[in-house]
Amino acid sequence: MASYLAHDEEGLADILAKKTNAEFLAKKKATEDALARAVSRNEKVSELYEKVYEDNACGKVTDEWFLELSHKYEVERMELKEAIAALHEKLNTLEGQESKKKAFLAGVRKFMEMGTLTAPLLHELIDHIDVYETEGTGKNRTQRIVIYYRFVGYIELPETALCKSDNYKADTRQGVAVEYIPQPA
């Protein structure tokens with residue numbers, strides 16, 4: 001990720017923009033639709049409540065039936081009021097996430113400037129890591145590891161970003177060398 005940022009910062013910014021914008025827009029649209037439905041239903045419940053009240057005043061609906069319906073409508077209005085407040089809060093949260101891409105790029109830049117990898121930096125950059133079963137035997141053993149970054153999730157880099165020079169070799173113990181080869185999932 002760091003080497004890709006160093007070689008093609010604009011490319012990484014475009015990948016992040018496409019990923020975060022697509023997810024953001026889908027979540028925002030779903031939340032706005034849910035909010036519109038809740039507001040519409042709240043208005044309809046208010047109209048129904050008024051109609052039942054008028055019908056009760058005119059004698060079309062009994063007092064018992066009016067009490068039952070008015071209680072039902074009042075409960076639904078309170079639930080809708082809570083749902084509308086929660087949806088407004090979710091929309092505000094989603095709008096605050098737009099700056100996450102910038103925060104992620106700043107974190108990766110900070111990583112590139114550091115000489116050693118520290119736990120606070122890892123916590124700042126990485127949300128979680130999925131480690132899969134080892135496949136193959138002997139020198140042909142491979143293990144898939146997928147890193148989910150904070151703010152942006154999993155990022156699939158284009159194959160042009162992955163080159164042989166990006167591989168990392170480490171001597172884990174005497175006679176055992178491990179090569180880390182980045183591969184798109």
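Patches are built from residues with over 30% relative accessible area and no salt bridge; like charges are joined within 9 Å, and nonpolar side chains (Val, Leu, Ile, Met, Phe, Trp, Tyr) within 5 Å. This is a predicted model: local features need pLDDT of at least 70, side-chain atom pairs count only at pLDDT 80 or more, and totals for chains, interfaces and linings use all residues. Residues are numbered from 1 along each chain as its sequence is written, and side-chain values use heavy atoms, with hydrogens and water left out.

View 1. I129, V131 and I145 make a nonpolar surface patch of about 270 Å². Accessible areas come from the Shrake-Rupley method with a 1.4 Å probe; for residues, only the protein chains shown count as cover. V131 sits in strand β1, residues 126-135. Its relative accessibility is 54%, so V131 counts as exposed. Buried means under 20% relative accessible area, exposed means over 50%, and partly exposed lies in between (1.4 Å probe, protein chains only).

**View 2. The whole fold.** The protein has five helices and five strands. Helices (H or I, at least four residues) and strands (E, at least two) are DSSP runs, numbered from the N terminus. Along the sequence the pattern reads α-α-α-α-α-β-β-β-β-β. Of the 185 residues in the protein, 24% are buried.

**View 3. The largest nonpolar core.** This core has 12 residues: L35, A38, V45, V52, V61, F66, L69, Y73, L80, I84, L87 and L91. Helices α2 and α3 (63-96) each supply at least two residues of this core. The most comes from α3, with seven residues. A nonpolar core is a set of buried Ala, Val, Leu, Ile, Met, Phe, Trp, Tyr and Cys residues joined through side-chain atoms within 4.5 Å.

View 4. E76 forms a salt bridge with R41; the closest N and O atoms are 2.6 Å apart. E76 lies in helix α3 and R41 in helix α2, so the pair ties together parts that are 35 residues apart in sequence. E76 counts as buried, at 19% relative accessibility. R41 counts as partly exposed, at 33%. A salt bridge is a side-chain nitrogen of Lys or Arg within 4 Å of a carboxyl oxygen of Asp or Glu. A search of the whole structure finds four salt bridges.

View 5. K51 forms a salt bridge with D55, and their closest N and O atoms are 3.7 Å apart. Both residues lie in helix α2, four residues apart, about one turn of the helix. K51 is partly exposed, with a relative accessible area of 48%. D55 counts as buried, at 14% relative accessibility.

View 6. E74 forms a salt bridge with R77, the closest N and O atoms lying 3.5 Å apart. E74 and R77 are three residues apart in helix α3, about one helical turn. E74 is partly exposed, with a relative accessible area of 33%. R77 is also partly exposed, at 30%.

**View 7. A negative patch.** E43, E47, E50 and E54 form a negative surface patch. Lys and Arg count as positive and Asp and Glu as negative; His and the chain ends are not counted. The place of a charge is taken as NZ of Lys, CZ of Arg, CG of Asp or CD of Glu. E50 lies in helix α2, residues 9-58. At 49% relative accessibility, E50 counts as partly exposed.
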